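I set out to record what I looked up in this structure, entry by entry. The notes begin with the terms and then turn to the places I examined.

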Amino acid sequence: MDKNRNVVFGFLGTTKDAGGRKRPKWRPTIALCQQDGLVVDRLELIHDSRWLQLALNVHRDIGRISPGTEVRLHRMDVANPWDFAEMYGAMRDFADAYAFDQDREDYLVNITTGTHVAQICWFLLTEANYVPARLLQLSPPKNTGIEAGTDKDYAGDHAIIDLDLSRYDSIATRFAAERVEATSFLKSGIETRNPTFNAMIDQMEKVAVRSRAPVLLTGPTGAGKSQLARRLYELKKAQRQIGGDFIEVNCATLRGDQAMSTLFGHVRGAFTGAQADRGGLMKAADGGVLFLDEIGELGPDEQAMCLQAIEEKRFFPLGSDREVESDFQMLAGTNRDLAESVREGRFREDLYARLNIWTFRLPALADRREDIEPNIDYELMRFGDAEGQKVTFNREARERYLAFALGSEAAWSANFRDLSASVARMGTLAPKGRIDEATVAEEVERLRLMWRPAVAPTDDDRVLDACLGEVAAARLDLFDRAQLAAVLKVCRQSRSLSEAGRELFAQSRLNKTSGNDADRLRKYLGRFGLRFADLGPVTPLR
């Protein structure tokens, strides 16, 4: 098999490559073609048009001392070679236009010549593989006096720098340790034992340090989405990728004008009660991370503005005709199946597509029971830190609690919230900071009662959950639940707001005590942040 040709890229050294008239000087670009053990088949020499004559002289001299080396001259005019953005742009354009042939050619970049800015750009371009090359550094000979005699004595030496860090055992070992530290950081230092969860955290750590794209965390309530989102923020901050704050928003608590104002801010007079300008949480997240928890509960208008804010980093505060900029990184969480919500018309398909670049589903605690024991120790530590008192199990009590916690009888329906609350209760009741068997027995009975099978959901429950979302529906008073459920059933079976209003206020119409039924119904729905158009298809409820 024929050996690949060696191709070297480099800048013309406007001072060093000029040489001297009276006393020989080391000329690095010439010396490049004189190195023992390094054959340069082709030299891609980059120069400024002002130095064309010097480039031609170097071309001539290389032809004299290394006839087998092909020299190609490339003009690159940069107004200010010390301006990083300008220099990188020019060099990136050069790399994009170059026809690399890695099957037949091996590439080197000579970083001996060129400004320090150019050298930094070479590092970046090779590290990112825009230029698939290794770095070459030349060094002058120790003796450069006239007595050295021949041109060969001015070759000096060279070293090749390979940026493939996996080749270096010590560096690879260090990187592996840092990677373990980062993934442990995301898990709050908990040594989890579930292989699927560990693999997910490992990938999440790579995404966190390499990408600014949105991350969507899904999974049941209490699976740890909020805590993991904050750890992702802290990891990004530790990597110096961000400098701003972590802003968390529970979208399930936002409705109507309050939602728009909370997220995007408002100007004075935007709505009744808006007595002063408000920046909004998206602006507060500028330079940091915005975590939209329960994003599936946002209304259509908020979803549309979120999409613009994510894509363009600009949005309009409520009531304003001037855009505001905010460069934040987006994290989102939901316990809903957003793909199903898209099919039902409750969530924007384009917003889901933007969020679904990196999606990680956190498993329920019941699906990773092997991680319950290390999390018990973690919760004990957290409780001790919060209360200023160390709490431990005695051996028999720990074994009894683990036997229950790992068994099929333990539902862990609220996931880590259940576990955290359980450990906190036992820690509080533990005699002298020591959880005994009696404390465990009492807690086990408490958990059994709490997880007793619940009553099956009614039609009212279903319609409220479908229209409001489970979280918001659960906050309704019993009176509002009954009344709103009846109204929603009629609305979902009516073809228009007017038709629903006529049915709901039929008796008032007969008594001539009702005027505009549609307007009356619109205002009633507005109290709960609902609009008739968003209530779902006209289908009979099951």
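I count two strands as paired if DSSP finds at least two bridges between them. Helices (H or I, at least four residues) and strands (E, at least two) are DSSP runs, numbered from the N terminus.

The model is predicted: local features need pLDDT of at least 70, side-chain atom pairs count only at pLDDT 80 or more, and totals for chains, interfaces and linings use all residues. Residues are numbered from 1 along each chain as its sequence is written, and side-chain values use heavy atoms, with hydrogens and water left out.

**Entry 1: strand β12**

I looked up the partners of β12. Strand β9 (residues 289–293) pairs with β12 in the parallel sense, over four bridges. Within that pairing, Leu292 has Ala332 of β12 as its bridge partner.

I then asked: is strand β12 enclosed or open? Six of the six residues of β12 (residues 329–334) are buried, so the strand is largely enclosed by the rest of the structure. Buried means under 20% relative accessible area, exposed over 50%, and partly exposed in between (1.4 Å probe, protein chains only). Gln329, Leu331 and Gly333 point one way from β12, while Met330, Ala332 and Thr334 point the other way.

**Entry 2: the six-stranded sheet**

I traced an open sheet of six strands, ordered β3-β2-β1-β4-β5-β6, with mixed pairing. Its edge strands, β3 (70–75) and β6 (157–161), each pair on one side only. From one strand to the next the twist averages 25°. Axes are lines fitted to C-alpha atoms, for helices over the stretch in contact, and angles run from 0 to 180 degrees between N-to-C directions.

Within this sheet, β1 (residues 5–11) and β2 (residues 42–47) are parallel and share five bridges. Gly10 has Leu45 in β2 as its bridge partner. Helix α2 (residues 52–65) packs on the sheet and touches β2 and β3, its direction making about 170° with that of β3. Contact means heavy atoms within 4.5 Å.

**Entry 3: salt bridges**

I took a salt bridge as a side-chain nitrogen of Lys or Arg within 4 Å of a carboxyl oxygen of Asp or Glu. By this rule the count comes to 40 salt bridges.

I examined Arg50 and Asp48, whose closest N and O atoms are 3.0 Å apart in a salt bridge. Arg50 is exposed at 66% relative accessible area, whereas Asp48 is buried at 15%.

Which parts of the chain does the pair of Glu373 and Arg193 link? Their side chains meet in a salt bridge at 3.3 Å, N to O. The pair links distant parts of the chain, 180 residues apart: Glu373 lies in helix α13 (residues 372–387), and Arg193 in the loop between α5 (169–186) and α6 (195–210). Glu373 is partly exposed at 24% relative accessibility, and Arg193 is partly exposed at 48%.

I also noted Arg314 and Glu312, which form a salt bridge with closest N and O atoms 3.5 Å apart. Arg314 is partly exposed at 30% relative accessibility, as is Glu312 at 36%. Finally, I recorded one network in which salt bridges that share partners join Arg5, Arg42, Glu44, Glu70, Arg72 and Glu105.
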